[in-house]
Amino acid sequence: MFESLSDRLGSIFENLRGKGALEEKDVNEALREVRIALLEADVALPVAKTFINKVKERAVGAEVLRSVTPGQQVIKIVHDALAEMLGGGEGEENAGALSFATTPPAVIMMVGLQGSGKTTSTAKIALRLQKRDKKRVLMASLDTRRPAAMEQLAILGEQAEVKTLPIIEGQSPRDIANRAVEAGKLGGYDVVMLDTAGRLSIDEQLMSEVADIASATNPIETLLVVDSLTGQDAVETATRFKERTAITGVVMTRIDGDARGGAALSMRAVTGAPIKFVGVGEKIDALDTFEPERMAGRILGMGDIVSLVEKASEEMDIAKAKKQAKKMAKGEFDMDDLADQFKQMRNMGGMGAILGMMPGMGKMKKMVDQAGGLDDREIVRQEAIISSMTKKERKTPKVLNASRKKRIAKGSGTSVQEINKLIKAHRQMADMMKKMGKGGMKGMAQQLAGMGGAGGLGGMLGGAPDPALVEGAGGKGNKGQQTEDIDFDAIEKALSGQAPMPPGMLPGMGKKK
């Protein structure tokens, strides 16, 4: 959603980085371009004005203009102001944190217009609470008007393995809410989630119903679900709901779409309500907490290594990871290990998602996309090839001769050329793992840029950018975030459970809350 804004800001700051010294007119010219970029991204005009004034006030100081790296200083100021606009800053509560400071069960009420993704978001949050926070969750649908609304929540509950309140025909929304809270108390549930009815537009009947349910259940959290594709209408909806009921947070759905990011950038400044969660896909687990500082880093092309590590930690089998680490330390890496890597890659959203979170890889990802993109369906094809090999062939790829390759191609429905590509990619990955064994994650990261070429992972997965462009994106030509700036030793310890996640993972970014 923020791609076009990120591209515009990237080109603006590239010009600033290229100058050894900055004058006030240079900063003013850059900020004028930033203002236009924000308005084109559908950011509310008052929010854009306030943002530019705040940045200008901080950036046009003698300390910044006369510093050794004035361009980087200005980018740091823009990053901090962007994080504040998104809802970050000192004294702010953790965006994705829900309050449970009440006698169980804690009631969470979901409100919003019809079609915004309220029911699906209810199931996503319930799954997250049950899986990550180890809470016992009960969901209840209060939507007595929309056909099959209650059945939809029941089906989603089955998919997420979250309990739902049994449906009793003829009850009013208030009666269902009271029954859900009572069932929560009797069943020993920690959280009761109430999925309220929506309307095509805000009306008095909707607001009265929401107020009636709130007075009956006294929810600890009231989350407003808005569709990011509606742009500034989402902000207007949030404002009107905020006027009539105590909204404690906002859930933005379809943030993975191609809408402009103005609604997310304006939401906190206009309504005062923090964005707590964002829907990033249609799957039941496609929900992320909204971290302002991390999102600001992504928009400015700094990547989001913290989220990448957290996602890897969730998907990683620690016992298997330790076993693989020992093999890597010896420089061993067979086809079974490669298949495990492919599986983890798919679970983390594919190669494109991973590249988008890595510092300094934003441009490289764009180059790959222009060359045809990283087709994650190819990962499934590579897994099929590996599955068609014998145990000996997976363990020792060197034994793969012409006749064996023909047999594997027939068994996997692929060609010998594709098998050769996979073998070449495996060799490159094996070399990278040897580097990692010697130099840790830093050694691996320094090798990663070379994997995007025509013969490496990029070529294997469908994208092969110009090597010269790749060098400019991730190598000498990239004056932005570099892999040398990252504390890879701390990340390795966090992944293995030896230490907590270190704060300030990216230089210039605030502490992780």
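**Notes on the predicted model**

1. The charged end of Arg136 is placed over the ring of Tyr189, and here the distance to the ring centre is 4.4 Å. As for pairs of aromatic rings, the count comes to zero.

2. Lys134 deserves a look at its backbone. Its phi is positive, about 55°, although Lys134 is not a glycine. Most residues other than glycine have a negative phi, and most peptide bonds are trans. Lys134 belongs to the loop between α6 (118-131) and β2.

3. On peptide bonds, do check Pro104 and Pro105, which are joined by a cis bond with omega of about 5°. Pro105 is found in the loop between α5 and β1 (106-112).

4. Next, a helix pair. Helix α5 (residues 70-86) packs against helix α11 (residues 262-271) at an angle of about 70°, and their axes are 7 Å apart. Angles of 65 to 115 degrees count as roughly perpendicular, so α5 is roughly perpendicular to α11. On the α5 side the contact is made by Leu82, Met85 and Leu86, and on the α11 side by Ala264, Leu265, Arg268 and Ala269. Sorted by class, this contact of α5 with α11 has six nonpolar residues, one charged residue and no polar ones.

5. Finally, a word on confidence. The average pLDDT of the chain is 76, and 69% of the residues score at least 70. Among the elements of the chain, strand β2 (residues 137-141) has the highest mean pLDDT, 96, whereas helix α23 (residues 467-474) has the lowest, 41.

6. Two stretches call for some care in reading. Over residues 447-484 the pLDDT stays under 50, and the model has 91 contacts beyond four places in sequence for them. Residues 501-513 also have a pLDDT below 50, with 37 contacts in the model beyond near neighbours in sequence.

Key:
Residues are numbered from 1 along each chain as its sequence is written. This is a predicted model: local features need pLDDT of at least 70, side-chain atom pairs count only at pLDDT 80 or more; totals for chains, interfaces and linings use all residues. Side-chain values use heavy atoms; hydrogens and water are left out. pLDDT is the predictor's confidence in each residue, from 0 to 100. Helices (H or I, at least four residues) and strands (E, at least two) are DSSP runs, numbered from the N terminus. Contact means heavy atoms within 4.5 Å. Rings of Phe, Tyr and Trp (its six-membered ring) pair if their centres lie within 6.5 Å; planes under 30 degrees apart count as stacked, over 60 as edge-to-face and the rest as tilted. A charge sits over a ring if NZ of Lys or CZ of Arg is within 6 Å of the ring centre and within 35 degrees of the ring normal. Axes are lines fitted to C-alpha atoms, for helices over the stretch in contact, and angles run from 0 to 180 degrees between N-to-C directions. Angles under 35 degrees count as roughly parallel, over 145 as roughly antiparallel, 65 to 115 as roughly perpendicular and the rest as oblique. Ala, Val, Leu, Ile, Met, Phe, Trp, Tyr, Cys and Pro count as nonpolar, Asp, Glu, Lys and Arg as charged, and the others, Gly among them, as polar.
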